[in-house]
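Hi,

Here is the structure I said I would pass on. Have a look at it first, and my notes come after.

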Amino acid sequence: MGEHPFAETPPGALIVKHVKEPLPLAREKRNQLPDEVDEVIQKATAKDPEARYPDAVTLASELRRALQLEIALPAVPESEIYNPYKGLRAFQEADAEDFFGREALTGQLLARLAEISSLEGGGRFLAVVGPSGSGKSSVVKAGLLPALRKGALPGSERWFITEMVPGAYPLEEVELALLRVAVKEPPSLLEQLEKDERGLLRAARRVLPEGAELLLVVDQLEEVFTLVDDPKKSAFFLQSLYEAVVNPRSPVRVVVTLRADFYDRPLMHPDFSELMQKRTEVVVPLKMDELERAIQAPAERIGIVLEKGLMPAIVSDVIDQPGALPLL
């Protein structure tokens with residue numbers, strides 16, 4: 001029977017172990033194995049991808065040599081096969097074709113953005129809030145954005161879409177994000193952004209053509225509270241977002257992602273708290289059928305068949321766990 005390398009380890013600690021600690025030696029459980037087997041296993045599971053074997057055929061060949069086995073290797077298919085799963089990385093917009101299981105949530109986000117015409121002030125804002133590892137960034141980048149680019153909302157295929165992570169200097173990150181989509185590129189936007197809380201609104205109008213619409217995605221909004229060293233700068237940034245989305249003639253829409261354990265922080269800012277109260281969509285854990293789709297559909301898309309019993313085993317390991325998606 002096989003054994004988990006880090007058996008009986010809590011989910012949070014398990015993720016850390018997989019990221020930072022090498023696997024235990026196989027000889028500690030099966031002392032009849034040659035040392036060369038552990039050498040192969042350690043190289044195959046190295047934390048640095050560049051240190052691993054270049055492909056599965058080389059790995060199989062080395063393992064066969066370590067075990068001193070005479071086994072013919074199967075022929076390698078001529079078509080390229082890639083890994084459609086992202087591990088601990090969030091899905092990006094370019095990964096949309098491999099993103100499954102969040103179709104219902106993507107539809108909910110689109111429905112919330114479609115409410116703009118029926119709302120007074122703030123309808124151009126949406127906060128996507130969920131626990132760490134819940135997939136909130138993935139559903140925005142690989143679910144919502146591709147749908148908007150395909151015209152899921154009226155005219156959304158013509159929107160200018162740009163992304164940013166606040167970091168320690170959020171206004172500088174806003175400037176870089178705007179310049180990436182600028183049609184009328186000014187020499188600098190930072191002075192405009194720093195002038196007052198309406199700076200983001202003015203800067204957006206400067207870089208866009210007349211009548212254009214902008215969607216600004218602020219991923220990991222919690223960095224405004226963890227990396228910015230001055231609370232006044234954090235408040236200024238949040239107020240800038242507020243002013244940009246409540247102006248009735250604004251061309252700016254803002255979607256933010258926020259870790260649930262930081263949900264109380266933006267609520268301490270009176271204007272921004274109103275946005276959060278009215279315009280928040282929560283990310284809940286994947287249901288069993290959604291988990292199964294997230295596992296099976298990417299494999300089917302590239303013609304790979306899952307071993308019998310593998311999918312239920314994975315689902316039973318991760319369902320109802322706080323770090324379900326990273327573990328999966």
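Predicted model: local features only at pLDDT ≥ 70, side-chain atom pairs only at ≥ 80, totals over all residues.

Five strands make an open sheet, ordered 2-3-4-1-5, with parallel pairing. Strand 2 and strand 5 (280–282) sit at the edges, each pairing on one side only. On average, neighbouring strands are turned by 20° against each other, ignoring direction.

Going across in sheet order, strand 2 and strand 3 run parallel and are joined by five bridges. One place to look is Met 164, which stands opposite Val 218 in strand 3. Next, strand 3 (residues 214–218) pairs with strand 4, again in the parallel sense and over five bridges. Here Leu 215 has Arg 253 in strand 4 as its bridge partner. Strand 4 is then joined to strand 1 by six bridges, the two running parallel, and Val 129 stands opposite Leu 258 of strand 4. Finally, three bridges join strand 1 to strand 5, also parallel, with Ala 127 opposite Thr 280 in strand 5.

**How covered are the strands?**

Strand 3 is largely enclosed by the rest of the structure, because five of its five residues are buried. Both of its faces are covered: Leu 214, Leu 216 and Val 218 are buried on one side, and Leu 215 and Val 217 are buried on the other.

Helix 5 (residues 136–149) has 14 residues and spans 19 Å from its first C-alpha to its last, close to the 20 Å expected at 1.5 Å a residue. Since 13 of its 14 residues are buried, helix 5 is largely enclosed by the rest of the structure. After helix 5 comes Gly 151, with a positive phi near 85°.

**The cores**

Which residues touch the most other members of the largest nonpolar core? Among its 41 residues, they are Phe 125, Val 218, Leu 221, Phe 237 and Val 254. Helix 10 (residues 231–246) supplies the largest share of this core, seven residues. There is also a second, separate core of 22 residues, which includes Leu 126, Val 139, Leu 144 and Ile 161.

Val 254 is worth a click. Leaving aside neighbours within four places in sequence, Val 254 is in contact with Arg 124, Phe 125, Leu 126, Leu 215, Leu 216, Val 218, Leu 241 and Val 245.

**Two single residues**

Thr 162 is found in strand 2 (residues 160–164). Is Thr 162 buried or exposed? Its relative accessible area is 3%, and the cut-off for buried is under 20%, so Thr 162 counts as buried. Apart from neighbours within four places in sequence, the residues in contact with Thr 162 are Ala 177, Arg 180, Val 181, Leu 214, Leu 215, Leu 216 and Val 217. As for Ala 90, it is 72 residues from Thr 162 in sequence and 17 Å from it in space, C-alpha to C-alpha.

Asn 247 lies in the loop between helix 10 and strand 4 (252–259). With 16% relative accessibility, Asn 247 is also classed as buried. A polar atom of the Asn 247 side chain lies 2.8 Å from the backbone nitrogen of Arg 249.

Best wishes

Technical notes
Residues numbered from 1 in each chain as written. Heavy atoms only, no water. Helix = DSSP H or I, 4+ residues; strand = E, 2+ residues; numbered from the N terminus. Buried < 20%, exposed > 50% of the residue type's maximum accessible area, 1.4 Å probe, protein only. Contact = heavy atoms within 4.5 Å. Core = buried A, V, L, I, M, F, W, Y, C linked by side-chain atoms within 4.5 Å. Polar contact = N/O pair within 3.5 Å; in protein donor to acceptor, adjacent residues only side chain to side chain. Pairing = 2+ DSSP bridges. Axes fitted to C-alpha atoms, helices over the stretch in contact; angles between N-to-C directions. Expected span 1.5 Å × (residues − 1).
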